[in-house]
Amino acid sequence: MDRIKKIAILGSTGSIGRQALDVIRALSARFQVVGLAGGKNLKLLEKQIAKFQPEMFYSSVEPDFTYRGEFLSMEQIASHPDVDLVIIATSSKAGLYPTLAALKAGKTVALANKEVLMMAGEIIVREAKSYQAQILPIDSELSAIWQCLQGEENKPQRIFLTASGGPFYHYSQPELRKVTVEQALHHPTWKMGRKITIDSATLLNKGAEAIEAHWLFAIPFESIEILIHPQSIIHSMVEFMDGSIKAQLSFPDMRLPIQYALCYPERLPNSELPRLNWNKIQSLNFEPVEQNRFPCLKLALDAGKQGGTYPAVLCAADEVAVGFFLNKRISFTDIARIVQETLEQHRGIAQPSLEEILIADAWAREYVERLSLCHGKACPAPEPFASCHSEGAKRPKNLAQGKLREGEGTRRSNLRSVR
Ligand SMILES: NC(=O)c1ccc[n+]([C@@H]2O[C@H](COP(=O)([O-])OP(=O)(O)OC[C@H]3O[C@@H](n4cnc5c(N)ncnc54)[C@H](OP(=O)(O)O)[C@@H]3O)[C@@H](O)[C@H]2O)c1
């Protein structure tokens with residue numbers, strides 16, 4: 001009989017975490033949940049704990065329930081001797097230290113939390129190598145590339161990341177300015193968490209995947225192409241030196257890449273996963289991406305190519321800006337302007353340490369928060385990155401929330417007065 005894999009899920013209360021638990025429930029003979037960690041959604045975490053009975057758990061706020069299991073930090077859970085595979089399904093930078101802890105303990109890491117590779121790809125890949133730990137991607141596009149590379153000895157010549165284009169791919173600039181939160185949260189083909197749904201609509205998410213692919217598969221950015229494929233059936237493709245192209249196709253459902261990582265190197269039947277019905281697929285379409293209309297994509301690709309602390313600044317600025325958009329403080333097109341301005345003001349550090357990455361992250365958050373206080377007038381100058389750096393790992397100040405008027409927050413003229 002096959003050995004049962006012991007799984008810890010960090011971010012179990014989120015979209016990926018819940019779907020990972022669905023897969024585990026469907027294949028319960030093969031997996032045992034030994035650790036669960038959530039953030040603030042204690043009600044759901046309590047329910048999950050009651051159902052899966054893990055031996056350890058964590059929440060970012062003090063639990064309001066009692067449970068016989070051990071309350072440990074996410075780093076302790078990720079590196080615990082009882083864990084075979086840890087799913088990092090947290091968001092933002094929450095997964096950074098737990099991922100490093102898991103890798104240093106030689107664990108297999110199934111990674112969804114894309115900011116981990118975006119912010120610290122070089123460090124993460126280096127640590128995985130030195131501790132002989134595996135990183136298995138959960139993102140559907142990266143899983144597709146990984147699946148296409150199975151059994152191949154030669155490096156791919158090109159990879160094609162497919163993008164649905166999101167709900168607004170054919171919108172004009174004036175139409176994009178009027179996009180509402182409700183419209184942006186309605187993705188045409190995928191059901192995902194709120195933040196990644198907005199990143200898919202701005203296409204920043206596709207640039208994020210290019211950065212992830214660059215680190216995970218050691219592929220130069222020049223060999224990564226992005227194709228609009230509205231049906232989201234081909235999840236990505238790999239081209240080899242003889243011109244042959246392999247693609248991975250499936251119904252767009254995140255449970256499949258999650259299951260592939262959990263079961264790897266096996267494939268297991270799961271009757272709950274939907275199948276493609278070829279009678280219903282009339283065509284598979286492709287078109288080149290128009291980067292000019294979706295500046296977040298270019299910003300992400302450029303930040304990835306620049307490397308150093310730039311991708312961390314991209315992640316942080318985007319996270320705060322997307323939060324503003326979700327709270328209806330800025331327009332959809334302001335997200336790109338804010339991210340661009342923050343990147344332009346950043347003085348990057350090449351090959352940064354983890355501490356320098358986190359300082360860059362804190363700087364970018366504070367920078368965007370201060371922009372939001374400007375109201376189009378002069379506002380106190382955010383400290384330039386270099387002085388933040390020399391003062392050590394200072395947390396950003398807890399700034400009061402201002403309200404940006406549409407299109408105002410990142411005008412060049414404002415920023416000149418900001419500096
Ligand atoms: N959703 C998708 O389809 C998809 C696809 C590919 C990649 N990803 C990536 O996977 C990651 C997760 O995405 P998601 O859509 O599942 O996000 P989500 O629904 O927002 O879930 C995030 C999870 O992380 C937890 N969390 C956040 N901050 C935490 C902290 N400081 N300590 C402990 N737990 C914390 C949340 O807990 P609470 O909710 O309890 O506060 C929640 O469980 C993201 O990096 C995303 O880009 C997602």
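Let's start with a turn. β10 and β11 make a hairpin, five residues lie between them, and G243 in that turn has a positive phi of about 90°.

Now the ground rules. This is a predicted model: local features need pLDDT of at least 70, side-chain atom pairs count only at pLDDT 80 or more, and totals for chains, interfaces and linings use all residues. Residue numbers run from 1 along each chain as its sequence is written.

Five bridges join β10 to β11, residues 245-249, and the two run antiparallel. Strands count as paired if DSSP finds at least two bridges between them. S236 stands opposite Q248 in β11. S236 also has L161 opposite. That is the β8 side: four bridges join β8, residues 158-163, to β10, residues 234-239, again antiparallel. On that pairing, I159 faces V238 in β10.

Zoom out. These strands belong to an open sheet of five, ordered β11-β10-β8-β9-β12, with mixed pairing. β11 and β12 (287-288) stand at the edges with a single partner strand each, so one side of each has no neighbour in the sheet. Helix α6, residues 140-149, packs on this sheet and touches β8, β10 and β11; its direction makes about 40° with that of β10. Contact means C-beta atoms, placed from the backbone, within 7 Å. Axes are lines fitted to C-alpha atoms, for helices over the stretch in contact, and angles run from 0 to 180 degrees between N-to-C directions. Helix α10, residues 204-217, lies across β8 and β9 (224-228), at about 150° to β8.

How do α6 and α10 cross? Their axes come within 10 Å and cross at roughly 35°. The crossing is right-handed. E141, L142 and I145 in α6 meet E209, E212, A213, L216 and F217 in α10. By class, that contact has five nonpolar, no polar and three charged residues. For the classes, Ala, Val, Leu, Ile, Met, Phe, Trp, Tyr, Cys and Pro are nonpolar, Asp, Glu, Lys and Arg are charged, and the others, Gly among them, are polar.

Next, the other sheet. Seven strands form an open sheet in the order β4-β3-β2-β1-β5-β6-β7, with parallel pairing. Here β4 (70-71) and β7 (135-137) are at the edges, each with a single partner strand, so one side of each is left without a neighbour in the sheet. β2 pairs with β3, residues 56-59, over four bridges. L36 stands opposite F57 in β3. α1 lies across β1 (5-10), β2 and β5 (85-88), running at about 160° to β1.

On to the ligand. Which residues come nearest? Of the 27 around it, they are G11, G14, G39, N41 and G193. Near means a C-beta atom, placed from the backbone, within 6 Å. The shell has eight nonpolar, 14 polar and five charged residues. α1 (15-26), β2 (31-38), α5 (114-130) and α9 (194-202) each supply at least two residues. α1 gives the most, three. Why does the ligand lie between the domains? Domain 1 (5-138 + 255-261) and domain 2 (139-253 + 276-296) both give residues to the shell, so the ligand lies between them. The bounds come from an automatic or database domain assignment.

Last, two backbone exceptions. Most residues other than glycine have a negative phi, and most peptide bonds are trans. S92 has a positive phi near 55°. S92 sits in the loop between β5 and α4 (96-104). The Y264 to P265 bond is cis, with omega near 10°. P265 is in the loop between α11 (255-263) and β12.

Notes. Contact = placed C-beta atoms within 7 Å. Left-handed = near helix turned anticlockwise from the far one by under 90°.
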